[in-house]
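Please read the following report alongside the sequence and the model.

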Amino acid sequence: MRVFKKKPKGSSISRAEALDRIPVKNRQISENRLETGEVVINYPVTMRPVFAGLVKRFGVPEVQTQIKKLQLDELGTSVWKLMDGKRSVRQLVEMFGGTHQLEPREAEVSVTQFIRELGRRGLIGMR
Amino acid sequence: MILLNQWKEIAWYGVRFKIPADWQLGQIGIRYLLIEDEFGPTMEIKWTPVKGKFSHQAHLKRLAYLQKKQVRKSVKPEPVSAEWETALTDFEASEFSWESDSTHGRGVIVFCPTCRNASLIQFFHKDPPPNNSVASNVLNSFRDHHSDDQILWSAYDIRALVPETFELKHHRFEAGRYELDFADRSQHIILYRWAPASVLLSKQDLVQFARSVASFSRTEPVAGKMDGCDTVEWSASPASNWGRWLSRFKGKASYHWLGLWHLEAKNRILGVLAEDKNPLDTELLDGICTHYESI
């Protein structure tokens with residue numbers, strides 16, 4: 001067995017392909033709207049087995065999932081509202097950039113960073 | 001048909017040229033720009049002042065040496081095409097080409113005998129071959145020196161004229177916030193641009209926003225209106241003669257001026273911050289603010 005074997009190259013997609021993907025919201029999440037219009041997303045987080053075991057040992061009733069909250073700011077809310085499971089990232093970028101009169105590159109960076117963060121938390125998937 | 005009026009101008013570190021509207025600045029460095037279109041890099045430009053004799057062959061060899069082995073072997077000089085020669089009449093130009101597995105490129109090394117600046121401009125292309133007239137138009141618009149004592153800076157949506165004595169020390173282009181920091185001896189002038197203004201000013205006014213840019217310890221910012229724009233102006237300087245005399249020997253700047261203005265139609269906030277150990281030149285600041293715009 002090679003100890004220092006070369007890492008296999010991850011599947012990389014081009015920028016154009018990435019922009020054509022469609023973000024889809026996780027069905028397990030719920031959202032509330034604040035008076036300010038900003039959205040709060042409630043999403044379940046499964047506890048890691050190690051922590052679940054520890055919690056059990058301390059006599060706490062078994063809780064497998066926790067509900068976490070994520071409050072979006074005004075810009076995040078506007079992107080979140082645009083996500084309908086049909087629009088591609090490219091369309092979101094164009095609409096977001098158009099609404100806020102942003103430079104195309106600037107809008108792309110803002111939207112893709114936001115989508116990446118949502119994906120990291122498991123709030124959306126990409127189709 | 002190419003509509004040149006739909007092209008946008010890029011001006012950076014003394015050079016300027018026009019690119020098609022759908023090309024974007026991808027990377028910005030000191031005397032280096034990478035331009036991209038939807039499919040990836042499409043053009044690269046780097047430039048440097050030359051001291052002494054300039055040799056096209058030596059520069060091409062140096063360029064080849066910097067590439068990966070496979071690309072290095074493929075770098076070869078080419079005769080300058082008639083279109084490119086016409087576009088670069090003010091320069092001494094030599095053409096070259098190269099190829100790798102995924103892409104190939106064609107470019108020119110140009111030397112300006114007037115300002116002794118050498119520039120490397122190359123166009124990347126996958127199949128089909130590049131639109132030669134687009135490259136020719138880019139080259140035709142290329143200028144590497146200026147006739148007056150002002151240098152044009154134009155990137156993304158900001159455009160400014162800054163005296164040539166000011167050198168760009170630092171730049172930052174982040175989503176929502178651009179910053180260009182120029183310095184001339186002890187004087188610093190920082191150009192800011194924020195967007196979208198409608199969001200940034202939804203829970204605060206321009207004065208409160210200005211507080212996030214500078215700390216107003218001695219004097220308070222003043223709100224106003226100019227040409228229909230909301231503005232904020234703030235300045236601070238030593239109060240006494242003794243303080244003014246002492247300011248020259250201090251490490252930090254004692255004279256400060258900040259101007260912010262809200263371009264409502266463009267949904268932008270522009271700002272200029274000036275700092276110096278010596279009294280600020282208000283005429284110079286007026287000139288910079290007048291020519292600083294969001295396009």
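## A buried asparagine and other backbone features

B:Asn267 is buried, since 20 other C-beta atoms lie within 10 Å of its own; a residue counts as buried if 20 or more other C-beta atoms lie within 10 Å of its own, as exposed if 12 or fewer do, and as partly exposed in between, with the C-beta atoms placed from the backbone. The model is a predicted one, in which local features need pLDDT of at least 70 and side-chain atom pairs count only at pLDDT 80 or more, while totals for chains, interfaces and linings use all residues. Residues are numbered from 1 along each chain as its sequence is written, and chains are lettered from A and ligands numbered from 1 in the order in which they are written.

B:Asn267 is not a glycine, yet its phi is positive, at about 60°, and its place is the loop between strand 17 (255–263) and strand 18 (268–276) of chain B. Helices (H or I, at least four residues) and strands (E, at least two) are DSSP runs, numbered from the N terminus. A:Gln101, also a residue other than glycine, has a positive phi near 55°. The table sets out the two residues.

| Residue | Phi | C-beta neighbours within 10 Å |
|---|---|---|
| A:Gln101 | near 55° | 18, partly exposed |

A:Gln101 lies in the loop between helix 4 (89–100) and helix 5 (104–120) of chain A. In chain B, a cis peptide bond with an omega of about -10° joins B:Ala195 and B:Pro196, and B:Pro196 belongs to the loop between strand 14 (187–194) and helix 5 (197–200) of that chain.

## The sheet and chain B

How many strands form the open sheet of chain B, and in what order? The open sheet has 7 strands in the order 3-4-5-9-8-7-6, with antiparallel pairing, where two strands pair if DSSP finds at least two bridges between them. Strand 3 (24–29) and strand 6 (76–78) of chain B are the edge strands, each pairing on one side only. From one strand to the next the twist averages 20°, with axes taken as lines fitted to C-alpha atoms and angles running from 0 to 180 degrees between N-to-C directions. Within chain B, strand 5 (residues 40–49) and strand 9 (residues 117–125) run antiparallel and are joined by 7 bridges; B:Thr48 stands opposite B:Ala118 in strand 9.

Chain B has 8 helices and 19 strands, and 28% of its 295 residues count as buried.
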